[in-house]
Amino acid sequence: MPPKRPKVNAEHEAIATKLLERMNLRQKIGQMTMAERLSAEPDDVRRYGLGAVLSGGGSHPGDNAPDDWVRMNDEFWQAAMGDGDGPGIPILYGCDAVHGNNNVQGATVFPHNIGLGAAGDAGLVAEAARITAREMLDSGLDWNFAPTLAVVQDCRWGRTYESFGNDPQRVASFGRHYVEALQGEGIVGCVKHWAGDGGTRNGMDQGETTLPWEELERTHIAPYYPALEAGVMTVMVSFNSWNGEKCHGHRFLVTELLKERLGFDGMVLSDWDGVNYLDEDYGTAIRLSVNAGLDMFMVPERWREFIDALEAQVRLGHVSTARIDNAVRRILRTKLRCGLFDRPRPSRRLGTGSGCTGCAEHRTVARRAVRESLVLLKNERNLLPLKPEQRILVAGKNAHNLGHQCGGWTRSWQGETGNDTIAGTSIWEGMRELAPNARLSAGGDGGDADPNEHDVALVVIGERPYAEGFGDIRSGDDLVVEGGSMVNGLMNPLEPYARSLELAETHPEDLACIRRISEKGVPVVVVLVSGRPLAVGRELAASAAFVAAWLPGSEGRGVAEVLLGMGDFQGRLPLPWPGDGDPAGGEMQFPGGFGLSYSPAAFDNVVGLNYKAG
C-alpha cells in the first residue's frame, strides 16, 4: 500500500512563507542549486545564496581528518548565514556516505549493501546507519545520499553492490530501518534512485528500464513506500529511463506519482549533472527537469550557468514562478524539518568533534556485520572451520588489500588499491592475529605452497574496485579503451572494463593461483571478494571450500573469525548466483537464499561472540 501522507507543520510553513516573501528570484534559484566544494568557495555561497554544497567521491578538505571537514563546514555555514545582506538560510552539506562515512580518513567502513542483504538482519542495517550518522556528525556533515533502494535484476550492473538484493520486500524493510536510524541521529536521509535503476536492460548503468507500470510499481516503486512513510526527507532521481523517457524529466514519476499520489512533501534532488541528458540545449534541459518536479539540482561545476539559465527560463515564461516557489518551499521545509535553523555552526553542534570516527565500538559492529554477511557455498570434507594451530598459507591478490576489500565509494569515487589510505584490518591481518602459524605467500600468487609446510591454503580472489558505470559488464566494444574504461569521458584507472561475468575471463590470475596451490597437494579455501555474484564454476571446481565475502569493508578480521570457527556462517544469497556468463537467461549455480552452515559441533571453541545459527 502507498504510504500515508505526512502531517504538515504549520509553524514551518509560516517560516518558509516569510522567507519566500523576502527573497528575490535569483536568491530562490540559488537555494535550488547544489555545487561541488572544489568549484564553490564560501564567498560563492554568500553571493549566490546556494542551498547546498556536496563532496563528490574523493573530494575532501585538508588532510581529510574529521577536524578538516568541521573547519570547512564552519566556513560554509558562516557564509550562508551572512552578515545581513542575504536571507540567512543555513546550508546543507551532503555526501555519499553509503557504507559508513566512507569519504573521511579513519572512518569505519561497513560491508556494502549487498553484504548486508546477505546478512538479512534489519536491526544490523539500522545499527550501521546510526554509526554512519554519528561519524558524519563528528565531521560536521548534514546530509547523506543514502540509502539506495534499487532492486537489482541483473548482476552485470556496476552498482549491484549498492543494492540489498533482488527481493523488493527485503529492500523495503532495510530501507525503512536505515532511514529511521539515520534521521533519528540528526542526518538527513536520501532514498535513491527514483525509479527503476535496478531494472535496466542488460544491467547497463543509466540505461533503459522497459516495464509495464504494474511491474515497475511492484518491483521498483513499492520498496520506497516504508521509507516515505517513515518520513525520509529527500529523494534522488535516477539517471535511467523508464519506457523511453528519462526519469530526470519524467513528470508522471516525480510530480504526479511521488509528490501528488504518494504525498511526498520533501525535497526531490537531481543526480550529478542528471539534467544534462534531457536535451542538448542546457536551458531546455533545465526547463524540462524543473517542470517535471525536481526541486534541487546537483550541478557540481556548471552551477553559475545553471542559475543564469533557470532565471532566463523564468523570465521567458517557460518555468512559472509558482513552480520556483514550490521548489524552494520544499527545500526550506526540509531544512526546517531537520532542525537546521535551530543548530549552531557545525563546530558547536552536539556530536561534532566527538572523536567517534573509527572508534573501537564502531569497528566491533562493523566486524559483526562482516561475520553475518559471509555466505558459504562449498565445504568439501568439512575443511572449514580451519583450526588456529594449522599451518595456513594465505595467498591471492585480495588477501592483503584493504582497498580491494572495501570496493568503490571508499576514500574516492572509484575506490582505492592497497593499504595506505584506509584504516582497518585486511583479511590476512585478521588471520595473522588469530592463527599464529599462518603465513602470507611471498609473491602473493601461491608459488611457494608446499604440502610439507602448509596444511591448507586460504586464497582470497575477486574483483578490483569500481563504481557506477565503470563496473558494468558488457560484451560489446563500446567504451573499451587500453588500460581502463571510459564512462562519460572519465577514466577508471583501477579496473579494465569487464567483458564477461566469468571471473576466469576477467581475472585469470585468480584461477591460476588456486590451481598452482591445489596441484601441489595443498587443499584450498577460496574467499571471493566481489560486488556481485560472478560465474566462478572453474574456481569452485578447483577449490575444496568456497566463501562469498562480498565487499566486507574495513574489518577483515571478521572474515578470519568465521573461517576459524569463531562463529557460524549465517549469510544467505540475496540474489541468485549465475552458473555461466548469462545472468538473465542462463543456468543458476545457486538459488537466492542459498547458504551452508557449520555443524553444531563446530562451536566448541566459540568465545564471547554473538551469532545466529543458519
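This is a predicted model: local features need pLDDT of at least 70, side-chain atom pairs count only at pLDDT 80 or more; totals for chains, interfaces and linings use all residues.
Biologist: Which strands stand at the edges of the open sheet of five strands?

Modeller: The order in this sheet is β4-β3-β2-β1-β11, with parallel pairing. An edge strand here has a single partner strand, so one side of it is left without a neighbour in the sheet. That describes β4 (143-144) and β11 (297-298).

Biologist: At about what angle to β3 does helix α4 run?

Modeller: Helix α4 spans residues 66-81. It lies across β2 and β3 (92-95). Its angle to β3 is about 140°.

Biologist: Which residue in β8 stands opposite Glu208?

Modeller: Look at the open sheet of three strands, ordered β6-β8-β9 with mixed pairing. Its edge strands are β6 (208-209) and β9 (245-246), each pairing on one side only. Two bridges join β6 to β8 (residues 241-242), and these strands run parallel. Glu208 stands opposite Ser241.

Biologist: How many residues of strand β5 are buried?

Modeller: Strand β5 holds residues 190-194 and is mostly covered. Buried means under 20% relative accessible area. By that cut-off, the count for β5 is five of its five residues.

Terms used: Residues are numbered from 1 along each chain as its sequence is written. Side-chain values use heavy atoms; hydrogens and water are left out. Buried means under 20% relative accessible area, exposed over 50%, partly exposed in between (1.4 Å probe, protein chains only). Helices (H or I, at least four residues) and strands (E, at least two) are DSSP runs, numbered from the N terminus. Two strands pair if DSSP finds at least two bridges between them. Contact means heavy atoms within 4.5 Å. Axes are lines fitted to C-alpha atoms, for helices over the stretch in contact, and angles run from 0 to 180 degrees between N-to-C directions.
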